[in-house]
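Dear colleague,

I am passing on the structure below, followed by notes on what was found in it. Please read the notes with the coordinates open beside you.

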Amino acid sequence: MADQRTAEGIEIRDRIDRFLRGSALADARARVVPLTGDASDRKYFRIIPSDGPSIVLALHAGPIEFSTLPFANVCTLFERIPLPVPGILGHSDELGIIALQDLGDVTLQAHLGAASPTEHAALYRQAVSLIELLQRRGDELQSNRYIAYTIAFDVEKLTWELNFFLKHFVEGYRGVALEADERAAFAGEFAGIASELAREHRVLCHRDYHSRNLMLHDGSLHIIDFQDARMGPDTYDLVSLLRDSYVDIADRELNELIAYFLALKTRDGAAEDETEFRRRFDLMALQRNLKALGTFGYQTIARGNTVYIQYMPRTLRYARTNLEKYPRFARLRELLAAHVEELA
């Protein structure tokens with residue numbers, strides 16, 4: 001471990017060694033390799049035994065109560081659906097550690113550069129089919145014993161995310177000082193978007209279903225980072241996948257995958273008008289892309305994590321496309337264009 005000489009590194013290594021001794025998941029000769037973490041406070045390590053398969057340890061900042069963790073609760077639900085998620089191999093509440101099946105390092109995002117057009121299409125169709133399965137079986141398994149059914153993308157949450165964009169991208173990253181009348185105008189526009197999205201029929205959503213949270217393992221996609229699952233519009237996860245800040249999706253492919261999703265959804269019922277679904281899809285895409293820009297601004301300014309700057313142009317382009325497409329967004333586009341030239 002590169003940071004083993006620091007006080008934090010020594011403490012982390014001690015926790016790992018204590019966990020491995022108590023769990024018998026690996027022997028003392030096992031290699032410990034730090035992995036790139038997510039945007040949370042968790043740290044991840046690959047444990048490579050002298051024999052047998054490797055495992056991944058997720059280290060929380062401190063002790064945990066595994067039985068109440070959203071990750072554990074949602075994992076149980078997703079396994080019932082069933083969705084391909086990493087198996088939980090063990091945990092320690094005292095040490096704040098969860099041991100997980102090792103799915104490797106190849107995300108869908110990383111694999112796309114080496115994938116043939118045929119494989120690329122097949123993987124995205126698989127990803128879309130998993131969304132349909134999540135929604136269909138999610139309806140059948142609905143129960144308040146699972147935390148995901150008790151929280152939703154309601155007006156408050158959707159509005160908070162749009163305001164997060166204003167605070168951390170427009171004001172934080174771009175350094176704009178908004179006037180009171182501008183802030184009020186943004187509030188009015190955001191209220192219309194949030195209220196419409198919140199009125200839609202709700203289904204079970206992963207919440208961050210994109211190319212970085214889909215792992216290619218043994219030739220198939222597996223889903224990670226699902227602990228924030230909640231109820232929301234049926235367009236939400238599809239938007240996350242197809243208006244992904246990390247990957248370019250051509251218009252033709254986008255249209256084909258939306259049509260494929262609708263075909264899967266309507267096998268046992270009446271078909272939804274594709275034009276109306278696309279309108280709802282684009283509205284959800286605008287909200288989510290603005291929220292993503294807020295996240296990128298926050299990570300850059302507040303966390304000093306500049307890696308997300310490279311994904312801003314694509315996300316801005318996606319947002320501009322929908323601002324231009326629908327006359328209802330004329331006022332919002334005018335407000336944004338005054339401070340974000342890419343949205344002009």
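S211 is found in the loop between strand 6 and strand 7, where helices (H or I, at least four residues) and strands (E, at least two) are DSSP runs numbered from the N terminus. S211 counts as buried because its relative accessibility is 0%, buried meaning under 20% relative accessible area, exposed over 50% and partly exposed in between, with a 1.4 Å probe and protein chains only. Once its neighbours within four places in sequence are left aside, S211 is in contact with T107, L108, Q109, Y124, D244, Y246 and V247, contact being taken as heavy atoms within 4.5 Å.

Before going further, please note that this is a predicted model, in which local features need pLDDT of at least 70 and side-chain atom pairs count only at pLDDT 80 or more, while totals for chains, interfaces and linings use all residues. Residues are numbered from 1 along each chain as its sequence is written, and side-chain values use heavy atoms, with hydrogens and water left out.

The loop that holds S211, running between strand 6 (202-205) and strand 7 (214-217), also contains R207. R207 has a positive phi of about 100° although it is not a glycine, and R207 is buried, with a relative accessible area of 11%. A positive phi, near 55°, is also found at D218, again a residue other than glycine; D218 lies in the loop between strand 7 and strand 8 (220-223), and D218 counts as exposed because its relative accessibility is 71%. Another backbone feature to check is the cis peptide bond that joins I81 and P82, with omega at about -5°; P82 lies in the loop between helix 2 (70-80) and strand 4 (88-92).

Y124, one of the contacts of S211, is among the buried residues of helix 4, which also include L123, A127, L130 and L134. Helix 4 has 24 residues and reaches 35 Å from its first C-alpha to its last, close to the 34 Å expected at 1.5 Å a residue, the expected span being 1.5 Å times one less than the number of residues.

The axes of helix 4 (residues 117-140) and helix 8 (residues 251-265) come within 10 Å and cross at roughly 35°; axes here are lines fitted to C-alpha atoms, for helices over the stretch in contact, and angles run from 0 to 180 degrees between N-to-C directions. On the helix 4 side the contact is made by H120, Y124, R125, V128, S129, I131, E132 and Q135, and on the helix 8 side by E253, L257, Y260, F261, L264 and K265. These residues divide into seven nonpolar, three polar and four charged, with Ala, Val, Leu, Ile, Met, Phe, Trp, Tyr, Cys and Pro counted as nonpolar, Asp, Glu, Lys and Arg as charged, and the others, Gly among them, as polar.

Helix 9 (residues 274-301) has 28 residues and reaches 40 Å from its first C-alpha to its last, close to the 40 Å expected, and helix 9 is mostly covered, with 21 of its 28 residues buried.

Finally, R15 has its place in helix 1 (residues 7-23) and counts as buried at 8% relative accessibility. Leaving aside neighbours within four places in sequence, R15 is in contact with L59, H60, A61, L95, G96 and I97.

Best regards
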